[in-house]
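Reader: Hi! Could you walk me through this one? I'm new to reading structures.
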Amino acid sequence: MEYRNWNNKPLRTSLLGYGCMRFPTRADGSIDEPRAEALLNTAKAAGVNYFDTAYPYHNGQSEPFVGRVIAKWERSSFYLATKMPLWTCKSLADAQRIFEEQLQRLGVEYIDFYLLHSLHKARYEQAKELGIVDWLWEQKATGRIRNFGFSCHDNAAGFEAILRDQPWDFCQLQYNYLDRDDRAEEISGDRGYQLTEECGVPLIIMEPIKGGTLAALPADAAAPLRALHSDASDASWALRWVAGHPNVHVVLSGMSAEEQLADNLTTFDHFVPLSPAEDAAVEQAAAVLHSRIKIGCTGCRYCMPCPMGVDIPDNFSIWNRLGMFQQPEAVKKQWTERFPDSEKALHCVRCGKCETVCPQKLPIRASLARLQEELDAL
C-alpha cells in the first residue's frame with residue numbers, strides 16, 4: 001500500500017481511503033453488514049488505514065455500522081473521519097448534541113479527521129455566527145478532534161474565503177480528470193487544487209471516479225487508454241491521475257463490491273503516477289467525453305429558481321451523462337427512479353425567464369423539450 005506522510009504532523013495515511021457512503025445493500029436498502037464488514041476488513045488487512053463516514057450516510061446507518069466494525073480493531077491502527085451536518089444545526093446546542101451522538105455511534109473517544117460537511121460560504125458563516133466553528137476548535141484543543149477540516153461545494157470565491165479564514169488541518173474536494181474546469185456553481189477542478197497548494201492545506205479527494213462513471217468508459221473514450229495498457233481498468237486510470245498530484249494525501253473510493261476493492265488495492269499496492277504518455281492518453285479520453293456533451297451547461301444556476309419548479313441544471317446534468325457515457329440503463333434508472341417528476345423538463349412553459357439570465361445564452365427552452373423526449377424514450 002502507498003502511504004503519504006503529512007508535513008509537521010505525525011500522520012501517515014494510506015493513499016487509498018475507504019469511503020463509507022456506498023456499502024453493499026440488501027433489497028430493503030439496509031447495509032448488507034456481513035459483506036460490508038468483510039470489505040472493510042480486507043481493505044484494512046491490505047494496508048488501508050483511512051476510513052471516511054458521515055452522519056447522514058446510508059440514512060444514518062453508516063456511522064453505527066462502522067462503529068461496530070472498528071470496535072474489533074486496535075484504535076491506533078487506523079484513522080477515522082466523519083462530518084458535522086451543518087444543514088441540520090439551528091443552534092450550537094444542535095451541533096454539540098450531534099457531535100456527542102457521533103462519538104457514541106462510532107464508539108470512540110476521539111475523531112482523527114473531523115469535517116464541516118458540504119460547506120458553502122453562507123452555511124459556513126452561519127456556523128461561525130452560532131459558535132459552532134469555535135466550539136469544534138475547542139474540541140480539537142481537548143483532543144476529541146485530532147485534525148479539523150471541511151468538505152466544500154461552493155464556487156471558487158466561496159471556497160477561497162473559507163480556505164483562508166482558518167488554520168485548517170486539511171480540506172476535502174471533488175477532483176477528477178473530467179471535472180477539471182471549475183464550474184460557476186461548485187469548485188471541483190484545477191483551481192481548487194491550486195488553492196490548496198497555495199495555502200499549504202493538505203487535500204483529500206472525493207469523487208475521483210465521478211460516482212463510478214469513469215469506471216465504465218465508452219469504447220471510443222477508453223481507446224487511448226487501452227492502446228497503452230489493455231488490461232488496466234478504467235477506474236485505475238482515474239485513481240492514478242488524481243493520486244499523482246503532490247498535495248493529494250488521501251483518495252477516497254466508495255467501494256461497494258469485492259471486485260472494486262480488489263482492483264483499487266492493485267492500483268495502490270505499487271502506485272505509479274502517470275507518465276507523460278499516459279497523461280496524454282487521459283486527456284484524449286476526457287476530450288472524447290467532453291465532445292459528446294449535449295449542452296454546455298456549467299451548473300451556475302443563474303437560471304434558478306424556475307417559476308414552474310423545473311431544476312434546469314439537474315435536467316441538463318442527466319442529459320449530458322447520457323451523451324457522454326452512453327449508459328442508457330443507468331441514466332433511465334436515475335431519470336425514472338431518483339429524479340423528482342415535479343422538477344422535470346416537462347413542466348417548462350417556455351416563459352423564457354431562464355434564457356434572459358443565462359451567461360452562456362443557451363437555448364434552454366428548446367433543449368428542455370429535447371431532453372424530456374430523449375430521456376422518456378429510454
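Reader: How do the axes of H1 and H3 cross, and within what distance do they come?

Author: Before the numbers, a word on where they come from: this is a predicted model, where local features need pLDDT of at least 70, side-chain atom pairs count only at pLDDT 80 or more, and totals for chains, interfaces and linings use all residues. Residues are numbered from 1 along each chain as its sequence is written, and side-chain values use heavy atoms, leaving out hydrogens and water. Now your question: the axes of H1 and H3 come within 11 Å and cross at roughly 55°. Axes are lines fitted to C-alpha atoms, for helices over the stretch in contact, with angles from 0 to 180 degrees between N-to-C directions. Helices (H or I, at least four residues) and strands (E, at least two) are DSSP runs, numbered from the N terminus.

Reader: Which residues in H1 and H3 meet?

Author: Glu33, Ala36, Glu37, Leu40 and Asn41 in H1 meet Phe65, Arg68 and Val69 in H3. Meeting here is contact, meaning heavy atoms within 4.5 Å.

Reader: New topic! How many salt bridges does the structure hold?

Author: There are 26 salt bridges. A salt bridge is a side-chain nitrogen of Lys or Arg within 4 Å of a carboxyl oxygen of Asp or Glu. One of them joins the side chains of Lys72 and Glu37, at 2.7 Å from N to O.

Reader: Where do Lys72 and Glu37 lie?

Author: Lys72 is in the loop between helix H3 (62-70) and strand E5 (79-84), while Glu37 is in helix H1 (residues 33-45), so the pair ties together parts that are 35 residues apart in sequence.

Reader: Is Lys72 buried or exposed?

Author: Lys72 is exposed, with a relative accessible area of 61%. Buried means under 20% relative accessible area, exposed over 50%, and partly exposed in between (1.4 Å probe, protein chains only).

Reader: What about Asp234, which side chain does it meet in a salt bridge?

Author: Asp234 pairs with Arg226 at 2.8 Å, N to O. Asp234 counts as buried at 6% relative accessibility, whereas Arg226 is partly exposed at 34%.

Reader: Last one: where is Leu214 found, and what is it in contact with?

Author: Leu214 sits in the loop between strand E9 (203-206) and helix H9 (219-228), and is buried, with a relative accessible area of 0%. Leaving aside neighbours within four places in sequence, the contacts of Leu214 include Asp234, Tyr177, Leu289 and Phe325.
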